[in-house]
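Colleague: I would like to learn how to read a few features in this model. Could you take me through them one at a time?

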Amino acid sequence: MSILDGVDSPKDIKKLNIEELNELCGDIRKMLISTVSQNGGHLASNLGVVELTVALHKVFNSPADQIVFDVGHQCYTHKILTGRKNDFATLRTEGGISGFTRPNESEHDIFSSGHSSTSISAAVGLAKAKQIKGEKGKVIAIIGDGALTGGLAYEALNNCCDDISNLIVILNDNNMSISRNVGTMAKNLTTIRTSPRYVTFKSSIQRGLAKIPKIGAQISRTFTLFNARLRKRLYHSTFFEDLGFRYYGPIDGHDIDALIDVLKVAKAHTHSVFIHINTVKGKGYDPAEKNPTQFHGIGRFDINTGEPKSSGKNFSSSFGETMCRFAENDGRICCVTAAMAEGTGLCEFSKKYPKRFFDVGIAEQHAVTFSSGLAKNGMVPVFAVYSTFLQRSYDQIIHDVSMQNLKVVFAIDRAGFVGEDGESHQGIYDTAFLNSVVGLTVFSPTYYSELEAMFYEGIYKIKGAVAIRYPRGNERHKPENYEYKHEPFYVLGNDKAENCIVTYGRLFSECSKAYESLENTFVVKLNRIKPIDENVFETVKNSKKIFFYEEGIKSGGVGEVFASMLAERNVKSLFKLIAVDDEFVKQAGVESQLSHYKLDVNSIIEEVNNAQGK
């Protein structure tokens, strides 16, 4: 039996000694590597926080002590230790456990998360609520893996009032964040300050000073002030001390003994505490240590070699190739990303054109306004961003781009269903919120060739801001002889047929394939989904039934705009919109998600045939 076999809850960890805890960490790493190699997921970041997570559950009492993981993708060890070990093989699968923290899974998952830099804000609120209600227990926020590049983290740090006595912030510094390491003196001082003997001695001295008649309290305050000034002298990083934290670090994040010591000290404190730990992203798995970016979020891979089991061309790589070609001939082209160079296909661009490539960190709001500044002074910025993360910069799109009438191009990756990442990552909202942006033009390609053509059109033919949204993965079925001719919409079949299917993006592949099995039906493919071309209504107005298929949220989406425009033009056709209703899309494969929401080929055929009484 392994040590992990006997661990079913955090209570079991408290019985283990240091040697057993280290063995437990080894068992957990084996489980992480094995499961993620089969299911995909966030491997490198989780391998880096194994010892930290074990130490947290050794020292604290979850869920009375509330642990908040930033982004949530660092929570795999936490899930294993909090009663989900036997279900861990279902990670990120349909009906299985999520790859992020989800309170509906366990009382130990305090806050649902999937986006970056939220942990400290949530923890400050949790800590204040505990204080107001007189509840015992600490609140621990674990931030890192680049999340400290997000502005929300600093807004939260600025709001950590001096009177919050139950808050602990842990910075997991794995060289993916912006914090600087402190010097050798600070490291040695931290070792002393986190020693239980030192803490006991210091407390005794302070209690003794306070008992001296008349002058004891003043001497104790002077001692505390001198101590704080000395720390500032010795620590080059005084930022967190200035915010009112008691700072400890840097700590070796893989030394479980040292971690337990510092966490015990933090637990005993009556002030807010900031702990800085150094970890190795991908720790314990050589391919992940050598290439932590690739193994940050990865699909299925060969456990022996680390090689991905699926590769080849996809929409992200096609976008990257397109930008390289454009930049070669146009010195104004710049690419901006928010810590997602590899995910958005821009690695090659960053190497070829380093002076025109900008990775601004996890700061989508800044990325948009920064892009507007580039545009104002004559550059052509292309901001490559996942649909789910574009949500974070909605105000900047309106205020700093649209209102300024600037040429900023949004390359919106992962539009539509994204599969196993679950509720927080589905790209189904961008069409709805972009519909309200004045003057913005939005394209939705179905094929790689269209993607390049639409970027050319968006950059060189259209005034103002442009968005091109495209799905995750590969292009799908293409009708024979289909060709994009820079037209706002395309008609497949005889537009005199009784039934009309209207769609855009990836779903055109599903609808065009269904068309081959349908009678008395034609398909309209919207290439430009904002603004919708007026002429399309002349094409569909004589249809008896119009079916609009949309891989996005129904409320405010393209289908609702289309229906409104039909009504305004007094088109009498029966209209049905098939899209995602008022709900969050759960984790599953993309094919399963398409089927569940009746957006796949078979569902389309069934829907249209039923409407015809077949």
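Colleague: Where does Ser-573 lie?

Modeller: This is a predicted model, and in it Ser-573 sits in the loop between helix H23 (558–568) and strand S17 (574–580).

Colleague: Is Ser-573 buried or exposed?

Modeller: Burial is judged by relative accessible area, with under 20% counting as buried. Ser-573 has 14%, so it is buried.

Colleague: Which residues is Ser-573 in contact with, leaving aside neighbours within four places in sequence?

Modeller: Val-540, Lys-541, Ser-543, Lys-544 and Ile-546. Take Ser-543: it is 30 residues from Ser-573 in sequence, yet their C-alpha atoms are 5.9 Å apart in space. The side chain of Ser-573 also reaches the backbone oxygen of Ser-543 at 2.4 Å.

Colleague: Now a strand, please. How many residues of S9 are buried?

Modeller: Strand S9 covers residues 409–413, and five of the five are buried, so the strand is largely enclosed by the rest of the structure.

Colleague: Which way do the residues of S9 point?

Modeller: The general idea is that side chains in a regular strand alternate between the two faces of the sheet. Here Val-409, Ala-411 and Asp-413 point one way, while Phe-410 and Ile-412 point the other way, and all are buried.

Colleague: Which strands pair with S9?

Modeller: Strand S8 (residues 380–386) runs parallel to S9 and is joined to it by five bridges; there, Phe-383 has Phe-410 as its bridge partner. Strand S11 (residues 466–469) also pairs with S9 in the parallel sense, over four bridges, and Ala-411 stands opposite Ile-468 in S11.

Colleague: What about Asn-172: buried or exposed?

Modeller: Asn-172 belongs to strand S3 (residues 167–173). Its relative accessible area is 0%, so Asn-172 is buried.

Colleague: Which side chains make polar contacts with the side chain of Asn-172?

Modeller: One is the side chain of Gln-74, at 3.0 Å. Another is that of Thr-279, at 2.5 Å. Beyond four places in sequence, the residues that Asn-172 touches also include Val-49, Ile-143, Gly-144, Asp-145 and Ile-277.

Colleague: Last topic: how many cavities of 30 Å³ or more does the structure hold?

Modeller: It holds one, and the volume of the largest cavity is about 60 Å³.

Colleague: What lines the largest cavity?

Modeller: Ala-415, Gly-416, Ser-444, Arg-469, Pro-471, Tyr-504, Gly-505, Arg-506 and Glu-551 line it. By type, the lining divides into three nonpolar, three polar and three charged residues.

Technical notes
Residues are numbered from 1 along each chain as its sequence is written. This is a predicted model: local features need pLDDT of at least 70, side-chain atom pairs count only at pLDDT 80 or more; totals for chains, interfaces and linings use all residues. Side-chain values use heavy atoms; hydrogens and water are left out. Helices (H or I, at least four residues) and strands (E, at least two) are DSSP runs, numbered from the N terminus. Buried means under 20% relative accessible area, exposed over 50%, partly exposed in between (1.4 Å probe, protein chains only). A polar contact is a pair of N or O atoms within 3.5 Å; within protein, one must be able to donate a hydrogen and the other to accept it, and residues adjacent in sequence count only if both atoms are side-chain atoms. Contact means heavy atoms within 4.5 Å. On a 1 Å grid over the protein atoms alone, a cavity is a set of points where a 1.4 Å probe fits but cannot get out, and a pocket is an open set with protein on both sides within 12 Å along at least five of seven lines; lining residues have an atom within 4 Å of a point. Grid points are joined across faces, edges and corners, and a volume is the space filled by probe spheres set on the points. Ala, Val, Leu, Ile, Met, Phe, Trp, Tyr, Cys and Pro count as nonpolar, Asp, Glu, Lys and Arg as charged, and the others, Gly among them, as polar. Two strands pair if DSSP finds at least two bridges between them.
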